[in-house]
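Please open the model in your viewer and keep the sequence panel beside it. The stops below move from the contact between the chains to the spaces and helix pairs around it.

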Amino acid sequence: MSVIQVENLTKDYGDRRGVFGVSFEINQGEVFGFLGPNGAGKTTTIRHILGFIKPDSGKTYVNGIETWGNAHNTNRDIGYIPGEIAFPEKMTGMDIIKWLGELSGAKNLDKAKEVLDLLQLKNAAANVKRMSKGMKQKIGIACAFLHDPKILILDEPSSGLDPLMQDTFTELLRRQKAEGKTILLSSHIFSEVEKTCDRVAIIKQGEIVTSFHMDEIKRPKFKTFKVKFSKDGESRRIANEKLNFAEINHEKNRVRITVLDAQIKGLLKTLSAYEIEYLSETKLTLEQHFMKFYSTQSSGGAV
Amino acid sequence: MFSKPLFKKTIKDNYKLWLGITAALTVMLVLLLVMTNSVINNPDIGGRPNGGGGGGMSINLVLEQFYTMFAMLLGMIYVIITANKLIAAQIDNGSMAVLMSRPVKRNQVSVTQAVYLFGSIAAMFSVVMGVGLAVIGATGLNIAIGGFMLLNLGIVLFFLSISGISFLASCLFNVSSKSLLMGAGIPVLFFLFNMLAGFSGMAEFMELFKYLSLNTLFSVSDIMAYSTNLIWQFIILFAVGAGCYTAGIWYFKKKDLPL
(Lines give C-alpha, C1' and ligand atoms only; values in the text may rest on other atoms or scores of the structure.)
Protein backbone atom coordinates (compact mmCIF):
# COMPACT_ATOMS: atom_id res chain seq x y z
CA MET A 1 0.00 0.00 0.00
CA SER A 2 1.25 3.48 -0.78
CA VAL A 3 2.08 5.63 2.24
CA ILE A 4 1.22 8.92 0.60
CA GLN A 5 -1.38 9.07 -2.11
CA VAL A 6 -2.50 12.15 -4.00
CA GLU A 7 -5.49 11.44 -6.16
CA ASN A 8 -6.60 13.83 -8.86
CA LEU A 9 -6.07 16.79 -6.57
CA THR A 10 -7.45 20.11 -7.72
CA LYS A 11 -7.42 23.43 -5.93
CA ASP A 12 -8.08 26.46 -8.09
CA TYR A 13 -6.95 29.83 -6.73
CA GLY A 14 -7.77 31.56 -10.02
CA ASP A 15 -5.36 33.08 -12.55
CA ARG A 16 -4.07 29.55 -13.25
CA ARG A 17 -2.68 29.40 -9.73
CA GLY A 18 -3.19 26.28 -7.66
CA VAL A 19 -3.00 22.60 -8.56
CA PHE A 20 -4.97 20.83 -11.27
CA GLY A 21 -5.51 17.09 -11.31
CA VAL A 22 -2.29 16.23 -9.51
CA SER A 23 -1.87 12.51 -8.83
CA PHE A 24 1.02 10.51 -7.45
CA GLU A 25 1.77 7.80 -4.95
CA ILE A 26 4.76 7.32 -2.70
CA ASN A 27 5.49 3.85 -1.45
CA GLN A 28 6.92 2.74 1.86
CA GLY A 29 10.63 3.51 2.01
CA GLU A 30 10.64 5.55 -1.15
CA VAL A 31 12.15 9.00 -1.54
CA PHE A 32 10.03 11.06 -3.89
CA GLY A 33 11.33 14.31 -5.33
CA PHE A 34 8.91 17.07 -6.14
CA LEU A 35 10.56 19.45 -8.53
CA GLY A 36 9.36 22.80 -9.76
CA PRO A 37 9.98 26.52 -9.43
CA ASN A 38 8.28 28.76 -6.90
CA GLY A 39 4.56 29.03 -7.48
CA ALA A 40 4.27 25.77 -9.43
CA GLY A 41 2.03 24.17 -6.79
CA LYS A 42 4.46 22.17 -4.64
CA THR A 43 3.52 23.82 -1.38
CA THR A 44 -0.20 23.76 -2.20
CA THR A 45 0.02 20.00 -2.70
CA ILE A 46 1.91 19.60 0.57
CA ARG A 47 -0.67 21.68 2.47
CA HIS A 48 -3.31 19.22 1.32
CA ILE A 49 -1.27 16.25 2.49
CA LEU A 50 -0.95 17.86 5.92
CA GLY A 51 -4.69 18.50 6.03
CA PHE A 52 -4.35 22.29 6.18
CA ILE A 53 -6.60 22.93 3.20
CA LYS A 54 -9.59 21.24 1.64
CA PRO A 55 -9.35 20.15 -1.98
CA ASP A 56 -11.80 21.55 -4.53
CA SER A 57 -11.87 18.01 -5.85
CA GLY A 58 -9.76 14.90 -5.47
CA LYS A 59 -8.28 13.54 -2.28
CA THR A 60 -5.04 13.05 -0.43
CA TYR A 61 -4.31 10.05 1.77
CA VAL A 62 -1.65 9.17 4.30
CA ASN A 63 -1.50 5.51 5.27
CA GLY A 64 -4.83 5.07 3.51
CA ILE A 65 -6.59 7.69 5.63
CA GLU A 66 -7.98 10.82 3.99
CA THR A 67 -6.03 13.76 5.36
CA TRP A 68 -8.72 16.48 5.24
CA GLY A 69 -10.61 16.26 8.52
CA ASN A 70 -8.26 13.60 9.93
CA ALA A 71 -5.01 15.53 10.10
CA HIS A 72 -4.70 14.93 13.85
CA ASN A 73 -4.36 11.23 13.00
CA THR A 74 -2.40 11.37 9.79
CA ASN A 75 0.08 13.98 11.07
CA ARG A 76 1.09 11.71 13.96
CA ASP A 77 3.53 9.85 11.71
CA ILE A 78 4.67 12.91 9.77
CA GLY A 79 7.68 15.10 10.27
CA TYR A 80 7.19 18.35 8.38
CA ILE A 81 9.58 21.11 7.46
CA PRO A 82 7.58 24.08 6.12
CA GLY A 83 8.87 26.02 3.13
CA GLU A 84 8.99 29.19 5.14
CA ILE A 85 9.60 28.43 8.76
CA ALA A 86 7.92 30.76 11.23
CA PHE A 87 8.16 30.09 14.92
CA PRO A 88 6.06 31.36 17.81
CA GLU A 89 7.46 34.59 19.20
CA LYS A 90 9.45 34.97 22.37
CA MET A 91 10.58 31.35 22.50
CA THR A 92 14.06 29.94 22.46
CA GLY A 93 14.99 27.17 20.05
CA MET A 94 15.04 24.66 22.86
CA ASP A 95 11.65 25.86 24.21
CA ILE A 96 10.10 25.21 20.81
CA ILE A 97 11.63 21.76 20.54
CA LYS A 98 10.39 20.86 24.03
CA TRP A 99 6.93 22.24 23.33
CA LEU A 100 6.54 20.42 20.01
CA GLY A 101 7.90 17.28 21.64
CA GLU A 102 5.13 17.52 24.20
CA LEU A 103 2.50 18.09 21.51
CA SER A 104 3.78 15.10 19.54
CA GLY A 105 3.98 12.87 22.58
CA ALA A 106 7.72 12.30 22.09
CA LYS A 107 9.24 10.41 25.00
CA ASN A 108 12.50 12.33 24.89
CA LEU A 109 14.30 14.85 22.77
CA ASP A 110 17.30 12.68 21.90
CA LYS A 111 16.47 12.67 18.19
CA ALA A 112 16.23 16.46 18.05
CA LYS A 113 19.52 16.87 19.91
CA GLU A 114 21.17 14.38 17.59
CA VAL A 115 20.09 16.45 14.58
CA LEU A 116 21.25 19.69 16.20
CA ASP A 117 24.65 18.11 16.87
CA LEU A 118 24.90 16.87 13.31
CA LEU A 119 24.00 20.31 11.94
CA GLN A 120 26.36 21.91 14.45
CA LEU A 121 23.87 24.25 16.03
CA LYS A 122 25.29 25.02 19.43
CA ASN A 123 23.20 27.82 20.89
CA ALA A 124 19.71 26.39 20.50
CA ALA A 125 18.91 28.14 23.79
CA ALA A 126 18.88 31.52 22.04
CA ASN A 127 15.66 33.34 21.23
CA VAL A 128 14.55 32.33 17.72
CA LYS A 129 13.77 35.94 16.90
CA ARG A 130 17.48 36.74 16.99
CA MET A 131 18.51 33.70 14.97
CA SER A 132 19.77 33.83 11.40
CA LYS A 133 17.82 32.14 8.60
CA GLY A 134 20.18 29.17 8.67
CA MET A 135 19.90 28.72 12.43
CA LYS A 136 16.10 28.83 12.26
CA GLN A 137 16.17 26.26 9.49
CA LYS A 138 18.28 23.94 11.66
CA ILE A 139 15.78 24.28 14.52
CA GLY A 140 13.01 23.54 12.03
CA ILE A 141 14.81 20.41 10.85
CA ALA A 142 15.31 19.25 14.44
CA CYS A 143 11.58 19.82 15.12
CA ALA A 144 10.64 17.67 12.14
CA PHE A 145 12.79 14.77 13.29
CA LEU A 146 12.15 14.94 17.03
CA HIS A 147 9.41 12.30 17.24
CA ASP A 148 11.24 9.97 14.86
CA PRO A 149 8.40 10.02 12.30
CA LYS A 150 7.97 7.33 9.66
CA ILE A 151 7.09 9.88 7.00
CA LEU A 152 9.00 13.05 6.21
CA ILE A 153 7.48 15.88 4.23
CA LEU A 154 10.18 18.37 3.47
CA ASP A 155 9.39 21.61 1.68
CA GLU A 156 12.68 23.04 0.43
CA PRO A 157 14.36 21.81 3.59
CA SER A 158 17.88 22.97 2.92
CA SER A 159 17.06 26.57 2.04
CA GLY A 160 19.13 28.90 4.18
CA LEU A 161 21.80 26.27 4.83
CA ASP A 162 25.30 26.88 3.53
CA PRO A 163 26.61 24.42 0.88
CA LEU A 164 28.56 22.44 3.48
CA MET A 165 25.48 22.06 5.64
CA GLN A 166 23.40 21.15 2.60
CA ASP A 167 25.71 18.20 2.10
CA THR A 168 25.37 17.25 5.76
CA PHE A 169 21.61 17.44 5.38
CA THR A 170 21.71 15.25 2.27
CA GLU A 171 23.67 12.74 4.32
CA LEU A 172 20.98 12.92 7.02
CA LEU A 173 18.33 12.20 4.39
CA ARG A 174 20.28 9.21 3.11
CA ARG A 175 20.41 7.83 6.63
CA GLN A 176 16.67 8.29 7.01
CA LYS A 177 16.18 6.52 3.72
CA ALA A 178 18.33 3.64 4.93
CA GLU A 179 16.06 3.39 7.97
CA GLY A 180 13.12 2.86 5.65
CA LYS A 181 11.49 6.25 6.02
CA THR A 182 9.11 7.46 3.35
CA ILE A 183 10.14 10.90 2.17
CA LEU A 184 8.52 13.58 0.05
CA LEU A 185 11.19 16.10 -0.85
CA SER A 186 10.08 19.29 -2.52
CA SER A 187 13.04 21.16 -3.86
CA HIS A 188 14.56 23.19 -6.61
CA ILE A 189 18.10 22.15 -5.83
CA PHE A 190 18.89 19.52 -8.45
CA SER A 191 21.91 18.00 -6.74
CA GLU A 192 19.92 17.37 -3.57
CA VAL A 193 17.18 15.57 -5.49
CA GLU A 194 19.68 13.70 -7.66
CA LYS A 195 21.56 12.37 -4.66
CA THR A 196 18.59 11.23 -2.60
CA CYS A 197 15.48 10.58 -4.67
CA ASP A 198 14.27 7.31 -6.16
CA ARG A 199 11.55 8.92 -8.17
CA VAL A 200 10.90 12.46 -9.31
CA ALA A 201 7.84 14.35 -10.50
CA ILE A 202 8.14 17.69 -12.23
CA ILE A 203 5.31 20.10 -11.63
CA LYS A 204 4.56 23.07 -13.81
CA GLN A 205 1.74 25.56 -13.36
CA GLY A 206 -0.09 23.20 -11.06
CA GLU A 207 0.16 20.12 -13.24
CA ILE A 208 2.59 17.22 -13.13
CA VAL A 209 4.27 17.24 -16.53
CA THR A 210 6.38 14.15 -16.06
CA SER A 211 7.46 11.66 -13.46
CA PHE A 212 10.27 9.16 -13.74
CA HIS A 213 12.67 6.96 -11.85
CA MET A 214 16.02 8.54 -11.15
CA ASP A 215 17.56 5.39 -12.64
CA GLU A 216 16.29 6.54 -16.03
CA ILE A 217 18.44 9.64 -15.60
CA LYS A 218 21.41 8.07 -13.86
CA ARG A 219 21.55 4.85 -15.85
CA PRO A 220 19.67 5.42 -19.07
CA LYS A 221 19.36 2.66 -21.65
CA PHE A 222 20.39 5.24 -24.18
CA LYS A 223 23.79 6.84 -24.12
CA THR A 224 24.89 9.94 -25.90
CA PHE A 225 28.45 10.30 -27.12
CA LYS A 226 30.17 13.40 -28.32
CA VAL A 227 32.68 12.76 -31.11
CA LYS A 228 35.16 15.38 -32.23
CA PHE A 229 37.08 14.70 -35.44
CA SER A 230 40.67 15.64 -36.09
CA LYS A 231 40.42 15.62 -39.91
CA ASP A 232 38.38 18.24 -41.80
CA GLY A 233 35.21 17.06 -43.47
CA GLU A 234 34.77 14.00 -41.26
CA SER A 235 31.56 15.38 -39.78
CA ARG A 236 30.09 15.62 -43.27
CA ARG A 237 31.24 12.11 -44.11
CA ILE A 238 29.78 10.51 -40.96
CA ALA A 239 26.45 12.27 -41.49
CA ASN A 240 25.76 9.73 -44.22
CA GLU A 241 26.01 6.81 -41.79
CA LYS A 242 22.86 5.24 -40.43
CA LEU A 243 23.19 6.63 -36.90
CA ASN A 244 20.91 8.46 -34.53
CA PHE A 245 22.39 11.96 -34.39
CA ALA A 246 21.49 14.26 -31.53
CA GLU A 247 23.58 17.02 -33.04
CA ILE A 248 25.72 17.55 -36.13
CA ASN A 249 28.05 20.54 -36.06
CA HIS A 250 30.15 20.92 -39.21
CA GLU A 251 31.67 24.17 -38.05
CA LYS A 252 33.24 22.58 -35.03
CA ASN A 253 33.66 19.30 -36.85
CA ARG A 254 31.86 17.26 -34.22
CA VAL A 255 28.67 15.24 -33.72
CA ARG A 256 26.61 13.83 -30.87
CA ILE A 257 25.28 10.35 -31.35
CA THR A 258 22.66 8.58 -29.24
CA VAL A 259 22.78 4.79 -29.13
CA LEU A 260 21.25 1.93 -27.18
CA ASP A 261 23.70 0.12 -24.92
CA ALA A 262 23.51 -2.90 -27.24
CA GLN A 263 24.58 -0.81 -30.22
CA ILE A 264 27.78 0.56 -28.72
CA LYS A 265 29.95 -2.13 -30.28
CA GLY A 266 28.56 -1.32 -33.70
CA LEU A 267 29.16 2.37 -33.13
CA LEU A 268 32.77 1.76 -32.22
CA LYS A 269 33.22 -0.31 -35.37
CA THR A 270 31.80 2.53 -37.49
CA LEU A 271 33.91 5.14 -35.72
CA SER A 272 37.11 3.15 -36.33
CA ALA A 273 36.97 4.31 -39.94
CA TYR A 274 37.23 7.98 -38.92
CA GLU A 275 40.02 10.22 -37.65
CA ILE A 276 38.93 11.05 -34.09
CA GLU A 277 40.31 13.71 -31.76
CA TYR A 278 38.26 12.61 -28.77
CA LEU A 279 35.19 10.66 -27.74
CA SER A 280 33.21 11.42 -24.58
CA GLU A 281 29.90 10.46 -23.08
CA THR A 282 27.41 13.28 -22.51
CA LYS A 283 25.59 12.45 -19.30
CA LEU A 284 21.98 13.45 -18.94
CA THR A 285 21.49 15.42 -15.75
CA LEU A 286 18.31 16.02 -13.86
CA GLU A 287 18.74 19.69 -14.56
CA GLN A 288 18.81 19.13 -18.33
CA HIS A 289 15.79 16.91 -18.07
CA PHE A 290 14.01 19.53 -16.02
CA MET A 291 14.89 22.29 -18.46
CA LYS A 292 13.29 20.35 -21.30
CA PHE A 293 9.97 21.04 -19.63
CA TYR A 294 10.68 24.56 -18.55
CA SER A 295 12.72 26.06 -21.38
CA THR A 296 9.55 26.63 -23.41
CA GLN A 297 8.00 28.66 -20.64
CA SER A 298 9.03 32.03 -22.04
CA SER A 299 7.51 31.20 -25.42
CA GLY A 300 3.93 30.86 -24.36
CA GLY A 301 4.23 28.37 -21.53
CA ALA A 302 3.15 25.30 -23.51
CA VAL A 303 4.79 22.02 -22.65
CA MET B 1 -11.31 19.14 22.93
CA PHE B 2 -8.51 20.69 24.94
CA SER B 3 -4.74 20.74 24.63
CA LYS B 4 -2.76 21.19 27.81
CA PRO B 5 0.59 21.96 26.14
CA LEU B 6 -1.10 24.63 24.01
CA PHE B 7 -2.91 26.09 27.02
CA LYS B 8 0.35 26.38 28.95
CA LYS B 9 1.97 28.17 26.05
CA THR B 10 -1.00 30.48 25.59
CA ILE B 11 -0.83 31.51 29.24
CA LYS B 12 2.89 32.15 28.88
CA ASP B 13 2.31 34.30 25.78
CA ASN B 14 -0.50 36.37 27.23
CA TYR B 15 -0.20 36.62 31.01
CA LYS B 16 1.73 39.90 31.00
CA LEU B 17 -1.05 41.91 29.39
CA TRP B 18 -3.56 40.18 31.66
CA LEU B 19 -1.54 41.08 34.75
CA GLY B 20 -1.13 44.68 33.65
CA ILE B 21 -4.82 45.26 32.94
CA THR B 22 -5.97 43.37 36.03
CA ALA B 23 -3.56 45.33 38.24
CA ALA B 24 -4.64 48.65 36.72
CA LEU B 25 -8.34 47.87 37.23
CA THR B 26 -7.80 46.66 40.77
CA VAL B 27 -5.77 49.72 41.76
CA MET B 28 -8.38 52.04 40.23
CA LEU B 29 -11.25 50.35 42.04
CA VAL B 30 -9.42 50.45 45.37
CA LEU B 31 -8.58 54.14 44.89
CA LEU B 32 -12.15 55.01 43.94
CA LEU B 33 -13.67 53.10 46.88
CA VAL B 34 -11.21 54.49 49.43
CA MET B 35 -11.68 58.03 48.13
CA THR B 36 -15.45 57.68 48.22
CA ASN B 37 -15.24 56.35 51.74
CA SER B 38 -13.16 59.28 52.95
CA VAL B 39 -15.47 61.80 51.29
CA ILE B 40 -18.57 60.20 52.79
CA ASN B 41 -17.05 60.09 56.26
CA ASN B 42 -15.74 63.63 56.12
CA PRO B 43 -18.25 65.87 57.93
CA ASP B 44 -16.48 68.98 56.56
CA ILE B 45 -17.88 68.37 53.12
CA GLY B 46 -21.25 67.41 54.42
CA GLY B 47 -20.87 63.68 54.47
CA ARG B 48 -23.20 61.57 56.53
CA PRO B 49 -21.88 58.27 57.83
CA ASN B 50 -23.29 55.53 55.60
CA GLY B 51 -25.49 58.09 53.98
CA GLY B 52 -24.05 57.72 50.54
CA GLY B 53 -24.70 61.33 49.56
CA GLY B 54 -21.60 63.07 50.87
CA GLY B 55 -20.47 66.00 48.76
CA GLY B 56 -22.83 64.96 46.02
CA MET B 57 -20.93 61.70 45.83
CA SER B 58 -23.19 58.78 45.10
CA ILE B 59 -21.65 55.38 45.50
CA ASN B 60 -23.64 54.11 42.53
CA LEU B 61 -22.21 56.89 40.41
CA VAL B 62 -18.71 55.80 41.33
CA LEU B 63 -19.47 52.20 40.44
CA GLU B 64 -21.09 53.36 37.20
CA GLN B 65 -17.95 55.33 36.34
CA PHE B 66 -15.69 52.42 37.13
CA TYR B 67 -17.61 49.72 35.28
CA THR B 68 -18.87 51.57 32.23
CA MET B 69 -15.70 53.55 31.62
CA PHE B 70 -12.54 52.02 33.12
CA ALA B 71 -13.56 48.37 33.12
CA MET B 72 -15.13 48.56 29.67
CA LEU B 73 -12.23 50.44 28.08
CA LEU B 74 -9.38 48.49 29.62
CA GLY B 75 -11.25 45.20 29.24
CA MET B 76 -11.83 45.99 25.58
CA ILE B 77 -8.13 46.67 25.04
CA TYR B 78 -7.30 43.33 26.62
CA VAL B 79 -9.91 41.41 24.63
CA ILE B 80 -9.09 42.99 21.27
CA ILE B 81 -5.34 42.42 21.51
CA THR B 82 -5.58 38.95 23.00
CA ALA B 83 -8.31 37.57 20.71
CA ASN B 84 -6.34 38.55 17.62
CA LYS B 85 -3.13 37.02 19.00
CA LEU B 86 -4.82 33.72 19.88
CA ILE B 87 -5.70 32.66 16.31
CA ALA B 88 -5.48 35.14 13.40
CA ALA B 89 -2.04 36.57 14.20
CA GLN B 90 -0.59 33.06 14.36
CA ILE B 91 -1.96 32.24 10.92
CA ASP B 92 -0.83 35.62 9.60
CA ASN B 93 2.78 35.13 10.69
CA GLY B 94 2.72 31.43 9.79
CA SER B 95 3.73 30.17 13.20
CA MET B 96 0.58 28.06 13.47
CA ALA B 97 2.11 25.65 10.94
CA VAL B 98 4.41 24.12 13.56
CA LEU B 99 1.36 23.52 15.75
CA MET B 100 -1.08 22.24 13.12
CA SER B 101 1.43 19.78 11.67
CA ARG B 102 1.35 17.96 15.02
CA PRO B 103 -1.34 15.48 16.06
CA VAL B 104 -3.81 18.09 17.31
CA LYS B 105 -7.41 18.57 16.29
CA ARG B 106 -8.64 21.88 14.96
CA ASN B 107 -11.26 21.88 17.72
CA GLN B 108 -8.59 21.32 20.34
CA VAL B 109 -6.80 24.45 19.19
CA SER B 110 -9.85 26.70 18.95
CA VAL B 111 -11.50 25.46 22.15
CA THR B 112 -8.26 25.80 24.10
CA GLN B 113 -7.82 29.38 22.90
CA ALA B 114 -11.49 30.17 23.60
CA VAL B 115 -11.19 28.76 27.11
CA TYR B 116 -8.17 30.96 27.70
CA LEU B 117 -9.84 34.10 26.37
CA PHE B 118 -13.05 33.78 28.35
CA GLY B 119 -11.34 32.19 31.36
CA SER B 120 -8.87 35.04 31.62
CA ILE B 121 -11.68 37.61 31.58
CA ALA B 122 -13.60 35.72 34.27
CA ALA B 123 -10.37 35.52 36.29
CA MET B 124 -9.72 39.23 35.77
CA PHE B 125 -13.07 40.27 37.23
CA SER B 126 -12.89 37.64 39.95
CA VAL B 127 -9.73 39.38 41.15
CA VAL B 128 -11.39 42.80 40.83
CA MET B 129 -14.44 41.55 42.71
CA GLY B 130 -12.38 39.85 45.43
CA VAL B 131 -10.33 42.97 46.08
CA GLY B 132 -13.46 45.13 45.89
CA LEU B 133 -15.24 42.97 48.47
CA ALA B 134 -12.19 43.16 50.76
CA VAL B 135 -12.16 46.98 50.54
CA ILE B 136 -15.91 47.18 51.18
CA GLY B 137 -15.46 44.90 54.18
CA ALA B 138 -12.56 46.91 55.55
CA THR B 139 -14.10 50.35 55.08
CA GLY B 140 -17.69 49.48 55.85
CA LEU B 141 -18.86 51.25 52.69
CA ASN B 142 -22.59 51.03 52.18
CA ILE B 143 -22.61 48.86 49.08
CA ALA B 144 -24.97 45.93 48.71
CA ILE B 145 -22.73 42.88 48.50
CA GLY B 146 -25.20 41.03 46.30
CA GLY B 147 -25.46 43.95 43.93
CA PHE B 148 -21.69 44.31 43.74
CA MET B 149 -21.27 40.63 42.91
CA LEU B 150 -24.04 40.83 40.32
CA LEU B 151 -22.23 43.80 38.80
CA ASN B 152 -19.17 41.65 38.27
CA LEU B 153 -21.23 38.83 36.82
CA GLY B 154 -22.76 41.39 34.47
CA ILE B 155 -19.44 42.73 33.26
CA VAL B 156 -18.18 39.17 32.71
CA LEU B 157 -21.28 38.41 30.61
CA PHE B 158 -20.75 41.67 28.74
CA PHE B 159 -17.19 40.63 27.94
CA LEU B 160 -18.36 37.13 27.05
CA SER B 161 -20.28 38.72 24.18
CA ILE B 162 -17.56 41.23 23.23
CA SER B 163 -14.78 38.62 23.36
CA GLY B 164 -17.04 36.31 21.37
CA ILE B 165 -17.17 38.87 18.57
CA SER B 166 -13.38 39.40 18.66
CA PHE B 167 -12.77 35.64 18.83
CA LEU B 168 -15.07 35.01 15.88
CA ALA B 169 -13.18 37.68 13.92
CA SER B 170 -9.89 35.99 14.81
CA CYS B 171 -11.24 32.65 13.53
CA LEU B 172 -12.74 34.09 10.36
CA PHE B 173 -9.72 35.91 9.00
CA ASN B 174 -6.20 34.83 8.14
CA VAL B 175 -4.63 38.25 8.41
CA SER B 176 -4.43 40.40 11.53
CA SER B 177 -5.56 43.57 9.79
CA LYS B 178 -8.92 42.07 8.82
CA SER B 179 -9.34 40.27 12.12
CA LEU B 180 -8.76 43.54 13.96
CA LEU B 181 -11.01 45.53 11.66
CA MET B 182 -13.92 43.40 12.83
CA GLY B 183 -12.66 42.29 16.24
CA ALA B 184 -11.79 45.81 17.37
CA GLY B 185 -14.11 47.79 15.11
CA ILE B 186 -17.39 46.34 16.37
CA PRO B 187 -16.61 46.70 20.12
CA VAL B 188 -15.36 50.26 19.57
CA LEU B 189 -18.52 51.15 17.61
CA PHE B 190 -20.64 49.65 20.38
CA PHE B 191 -18.81 51.79 22.90
CA LEU B 192 -19.29 54.94 20.83
CA PHE B 193 -22.98 54.22 20.13
CA ASN B 194 -23.51 53.73 23.85
CA MET B 195 -21.98 57.15 24.50
CA LEU B 196 -24.15 58.73 21.82
CA ALA B 197 -27.21 57.09 23.35
CA GLY B 198 -26.31 58.94 26.54
CA PHE B 199 -27.19 62.19 24.79
CA SER B 200 -30.79 61.11 24.35
CA GLY B 201 -31.79 63.91 26.72
CA MET B 202 -30.75 66.43 24.06
CA ALA B 203 -32.41 64.88 21.06
CA GLU B 204 -34.84 62.02 21.09
CA PHE B 205 -33.46 60.23 18.03
CA MET B 206 -30.15 59.75 19.88
CA GLU B 207 -31.89 57.10 21.90
CA LEU B 208 -31.94 54.92 18.79
CA PHE B 209 -28.22 54.35 19.30
CA LYS B 210 -28.86 52.28 22.37
CA TYR B 211 -30.36 49.61 20.15
CA LEU B 212 -27.14 49.52 18.13
CA SER B 213 -24.93 48.67 21.07
CA LEU B 214 -24.47 45.69 23.37
CA ASN B 215 -23.03 48.03 26.00
CA THR B 216 -26.50 49.28 26.88
CA LEU B 217 -27.34 45.76 28.06
CA PHE B 218 -24.91 46.23 30.93
CA SER B 219 -26.65 48.80 33.08
CA VAL B 220 -25.19 49.57 36.51
CA SER B 221 -28.39 51.24 37.68
CA ASP B 222 -30.52 48.25 36.59
CA ILE B 223 -28.17 45.87 38.36
CA MET B 224 -27.95 47.82 41.62
CA ALA B 225 -31.75 48.11 41.62
CA TYR B 226 -32.14 44.37 40.85
CA SER B 227 -34.35 45.34 37.93
CA THR B 228 -36.24 42.54 36.19
CA ASN B 229 -34.71 43.82 32.94
CA LEU B 230 -31.56 42.05 34.06
CA ILE B 231 -32.92 38.68 33.07
CA TRP B 232 -33.29 39.37 29.35
CA GLN B 233 -30.24 41.65 29.32
CA PHE B 234 -28.06 38.88 30.67
CA ILE B 235 -29.69 36.28 28.46
CA ILE B 236 -28.93 38.34 25.33
CA LEU B 237 -25.33 38.95 26.39
CA PHE B 238 -24.85 35.25 27.08
CA ALA B 239 -26.52 34.20 23.82
CA VAL B 240 -24.43 36.57 21.69
CA GLY B 241 -21.24 35.41 23.42
CA ALA B 242 -22.01 31.70 23.26
CA GLY B 243 -23.18 32.04 19.66
CA CYS B 244 -20.04 33.86 18.52
CA TYR B 245 -17.67 31.47 20.26
CA THR B 246 -19.52 28.47 18.78
CA ALA B 247 -19.49 30.01 15.31
CA GLY B 248 -15.76 30.75 15.59
CA ILE B 249 -14.94 27.19 16.64
CA TRP B 250 -17.15 25.77 13.89
CA TYR B 251 -15.61 27.95 11.20
CA PHE B 252 -12.04 27.29 12.30
CA LYS B 253 -12.62 23.56 11.93
CA LYS B 254 -13.67 23.76 8.31
CA LYS B 255 -11.55 26.58 6.93
CA ASP B 256 -8.43 26.44 4.80
CA LEU B 257 -5.28 27.28 6.70
CA PRO B 258 -2.72 28.93 4.40
CA LEU B 259 0.23 27.72 6.45
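Begin by colouring the two chains separately and selecting their contact (heavy atoms within 4.5 Å), which takes 27 residues from chain B and 27 residues from chain A. This is a predicted model, in which local features need pLDDT of at least 70 and side-chain atom pairs count only at pLDDT 80 or more, while totals for chains, interfaces and linings use all residues. Residues are numbered from 1 along each chain as its sequence is written, chains are lettered from A and ligands numbered from 1 in the order in which they are written, and side-chain values use heavy atoms, with hydrogens and water left out.

Between them the chains bury about 2400 Å², 58% of it on carbon and sulfur atoms; buried area is the accessible area (1.4 Å probe) that two parts lose on being put together, summed over both. Now select Val98(B), Arg102(B) and Pro103(B), which supply 28% of the area that chain B buries against chain A, more than any other three residues.

On a 1 Å grid over the protein atoms alone, a cavity is a set of points where a 1.4 Å probe fits but cannot get out, and a pocket is an open set with protein on both sides within 12 Å along at least five of seven lines; lining residues have an atom within 4 Å of a point. The largest cavity has a volume of about 50 Å³, a volume being the space filled by probe spheres set on points joined across faces, edges and corners. Helices (H or I, at least four residues) and strands (E, at least two) are DSSP runs, numbered from the N terminus.

Next, show H5(A) with helix H6 (residues 163–178) of chain A: they pack at an angle of about 5 degrees, with their axes 13 Å apart. Axes are lines fitted to C-alpha atoms, for helices over the stretch in contact, and angles run from 0 to 180 degrees between N-to-C directions. H5(A) and H6(A) are therefore roughly parallel, a label for angles under 35 degrees, whereas over 145 counts as roughly antiparallel, 65 to 115 as roughly perpendicular and the rest as oblique. Lys138(A), Ile141(A) and Phe145(A) in H5(A) meet residues of H6(A), among them Met165(A) and Phe169(A).

For a helix pair that spans the two chains, select helix H3 (residues 93–104) of chain A and helix H1 (residues 4–40) of chain B, which pack at an angle of about 150 degrees, with their axes 9 Å apart. That angle makes H3(A) roughly antiparallel to H1(B). Trp99(A), Glu102(A) and Leu103(A) meet Pro5(B), Leu6(B), Lys8(B) and Lys9(B) here.

Finish at the second largest pocket, with about 430 Å³ of space and 19 lining residues, of which Ile217(A), Pro220(A), Thr282(A), Lys283(A) and Leu284(A) lie nearest its centre. The elements giving two or more residues to this lining include helix H8 (214–218) and strand S14 (276–282) of chain A.
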